[in-house]
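Good morning, and thank you for coming.

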Amino acid sequence: YLFSILVNKKNPLNPHYIPSDLIEPDIPFYAPGNDPRRLLQREAAIAAEELFERAQKEKIHLWGISGYRSYKRQEELFSSANGRSGVAPPGCSEHQTGLALDIPARMNYELEESFAKTKEGCWLAHHCALFGFILRYPKNKEEITGFPFEPWHIRYTGIGLASSLTLTGMTLEEYYERGLHLPPK
């Protein structure tokens, strides 16, 4: 249930929310050592290690660039973005949950839509659910998610939910709209 938490512009996190079990997964990162961007919640970190290990076995080279991001850091990014679309207001970034990970195109380290057409981007789209991740901001769902297409942004939800959302093409917003997130009575 915890991994299905919906964070967006309509459902912000408390400014003081910090996950209690942040750890650094053993995956390649562009972020320097001891940088909080290298952290994920424990279960998401373990799943990321498995995802990256499988990718490497298949000659796919993935890199993490941004995992956990504090409310304060999101404030700084939002302020410096000067209203550019795609930058979440503070409290509205999934990175604050420690469940999101950005994976850039390795050649230029940029987070661009063109990542979707790279070998790495295609592999990630087809395999991330096997490890409990979803592509959180899919193409043609911008009106639903409130964010532009981000083929580099994966979000940990657990294997069951990730598989279900991927197979149905639903976003977390649609999952919540249908009341599917409620725990059994």
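Let me begin with a group of charged residues: E94, R136, R155 and E173 are linked in a network of salt bridges. A salt bridge here is a side-chain nitrogen of Lys or Arg within 4 Å of a carboxyl oxygen of Asp or Glu. Side chains of opposite charge can pair when their charged atoms come close.

A word on the origin of these values. This is a predicted model, in which local features need pLDDT of at least 70 and side-chain atom pairs count only at pLDDT 80 or more, while totals for chains, interfaces and linings use all residues. Residues are numbered from 1 along each chain as its sequence is written, and side-chain values use heavy atoms, with hydrogens and water left out.

Helices (H or I, at least four residues) and strands (E, at least two) are DSSP runs, numbered from the N terminus.

R38 is buried, at 13% relative accessible area, whereas E24 is partly exposed, at 40%.

Next, R37 and D35 also meet through their side chains in a salt bridge, at 2.9 Å, N to O. Here R37 is partly exposed, with 30% relative accessibility, and D35 is buried, with 17%.

The last pair is K72 and E76, whose side chains meet at 3.7 Å, N to O. Because they are 4 residues apart in helix 2 (residues 71-81), about one helical turn separates them. K72 is exposed, at 56% relative accessible area, and E76 is partly exposed, at 38%.

Q74 lies in helix 2 as well. Is Q74 buried or exposed? At 3% relative accessibility, Q74 is buried. Leaving out residues up to four places away in sequence, Q74 touches R69, V87, A88, P89, P90 and S93, where contact means heavy atoms within 4.5 Å.

We come now to the interior. A nonpolar core is a set of buried Ala, Val, Leu, Ile, Met, Phe, Trp, Tyr and Cys residues joined through side-chain atoms within 4.5 Å. The largest such core has 26 residues, and L51, L62, L101, I103, L124 and F133 touch the most other members. At least two residues each come from helix 1 (42-57), helix 3 (119-127) and strand 5 (150-156). Helix 1 gives the largest share, 7 residues. Apart from this core lies another, of 9 residues, among them L6, L161, M170 and Y175.

Finally, consider helix 3, where E120, G121, W123, L124 and H127 are buried. They lie on the same side of helix 3, because they cover an arc of only 165 degrees around the axis; the arc is that of the directions from the helix axis to the C-beta atoms. On the other side of helix 3, K119 and H126 are exposed. The buried residues of helix 3 pack against helix 1, strand 4 (133-137) and strand 5.

Conventions
Buried < 20%, exposed > 50% of the residue type's maximum accessible area, 1.4 Å probe, protein only.
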